[in-house]
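The following exercises ask the reader to study a protein model step by step. Each task is followed by a worked solution.

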Amino acid sequence: MTLKRKRNTVISEINITPFTDVVLVLLIVFMITTPMLMQPGIKVNLPKTQISDSEDTSNIEVLISKNGYVYAQGKQIHDSNIADVMRVLISSHPDKIVIIKGDRD
């Protein structure tokens, strides 16, 4: 059995291996960077501390922004309602710790 090869033939197939490699690398890059860009929250410039803050989500968190706005549990509180909202939060969760985070500026 003899095999004959044609030397002057043109390869009509496209090699998609490099394209697949590039697409997979781009997919990995987007999968890593997208969660970093989509972090919701309130921008507060916190002062530096000597000890590390433990991020405990079970605590009641109160943020005070640079402009004087007050946020409790991620929701903005009007100045006239701060005491009432804090009473409700503390009475509904008496075992939780209230953490106040103020902007450095």
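The protein chain holds 2 helices and 4 strands, where helices (H or I, at least four residues) and strands (E, at least two) are DSSP runs, numbered from the N terminus. This is a predicted model, in which local features need pLDDT of at least 70 and side-chain atom pairs count only at pLDDT 80 or more, while totals for chains, interfaces and linings use all residues. Residues are numbered from 1 along each chain as its sequence is written, and side-chain values use heavy atoms, with hydrogens and water left out.

**Exercise 1. The chain as a whole**

Task: State the order of the elements in the protein chain, then describe its burial, contacts and surface.

Solution:
- Step 1. Reading from the N terminus, the elements follow the order α-β-β-β-α-β.
- Step 2. Of the 105 residues in the protein chain, 13% are buried. Buried means under 20% relative accessible area, exposed means over 50%, and partly exposed lies in between (1.4 Å probe, protein chains only).
- Step 3. A contact means heavy atoms within 4.5 Å. Among contacts between residues at least 6 apart in sequence, 61% join residues at least 24 apart.
- Step 4. The accessible surface is about 9900 Å², and 59% of this surface belongs to carbon and sulfur atoms. Accessible areas come from the Shrake-Rupley method with a 1.4 Å probe; for residues, only the protein chains shown count as cover.

**Exercise 2. The sheet**

Task: Determine in which order the 4 strands form the sheet, and describe how they pair.

Solution:
- Step 1. The strands form an open sheet in the order E3-E2-E1-E4, with mixed pairing. Two strands pair if DSSP finds at least two bridges between them.
- Step 2. Strand E3 (75-77) and strand E4 (98-102) are the edge strands, since each pairs on one side only.
- Step 3. From one strand to the next, the twist averages 30 degrees. Axes are lines fitted to C-alpha atoms, for helices over the stretch in contact, and angles run from 0 to 180 degrees between N-to-C directions.
- Step 4. E1 and E4 pair in the parallel sense over 5 bridges. Within this pair, Glu61 stands opposite Ile99 in E4, and Leu63 stands opposite Lys101 in E4.
- Step 5. Helix H2 (residues 82-92) packs on the sheet and touches E1, E2, E3 and E4. The direction of helix H2 makes about 160 degrees with that of E1.
- Step 6. E1 and E2 run antiparallel and are joined by 3 bridges; Val62 stands opposite Ala72 in E2.

**Exercise 3. Two loops**

Task: Examine the loop that joins E1 to E2, and the loop between E2 and E3.

Solution:
- Step 1. E1 and E2 form a hairpin with 5 residues between them, and Gly68 in the turn has a positive phi of about 95 degrees.
- Step 2. Ser65 lies in the loop between strand E1 (60-64) and strand E2 (70-72). Ser65 counts as buried because its relative accessible area is 12%.
- Step 3. Leaving aside residues up to four places away in sequence, Ser65 touches Tyr71 and Asp103. The C-alpha atoms of Ser65 and Arg104 are separated by 8.8 Å, although the two residues are 39 residues apart along the chain.
- Step 4. Gln73 belongs to the loop between E2 and E3. Gln73 has a positive phi of about 55 degrees although it is not a glycine. With a relative accessible area of 41%, Gln73 is partly exposed.

**Exercise 4. Salt bridges**

Task: Find the 2 salt bridges of the structure and describe the residues that form them.

Solution:
- Step 1. A salt bridge is a side-chain nitrogen of Lys or Arg within 4 Å of a carboxyl oxygen of Asp or Glu. The structure holds 2 salt bridges.
- Step 2. One joins the side chains of Glu61 and Lys101 (3.2 Å, N to O). This pair links distant parts of the chain, with Glu61 in strand E1 and Lys101 in strand E4, 40 residues apart.
- Step 3. Glu61 is partly exposed because its relative accessible area is 30%, whereas Lys101 counts as buried at 15% relative accessibility.
- Step 4. The side chains of Asp84 and Arg87 also meet in a salt bridge (3.1 Å, N to O). Asp84 and Arg87 both lie in helix H2, 3 residues apart, about one turn of the helix.
- Step 5. Asp84 is partly exposed, with a relative accessible area of 43%, and Arg87 counts as exposed at 56% relative accessibility.
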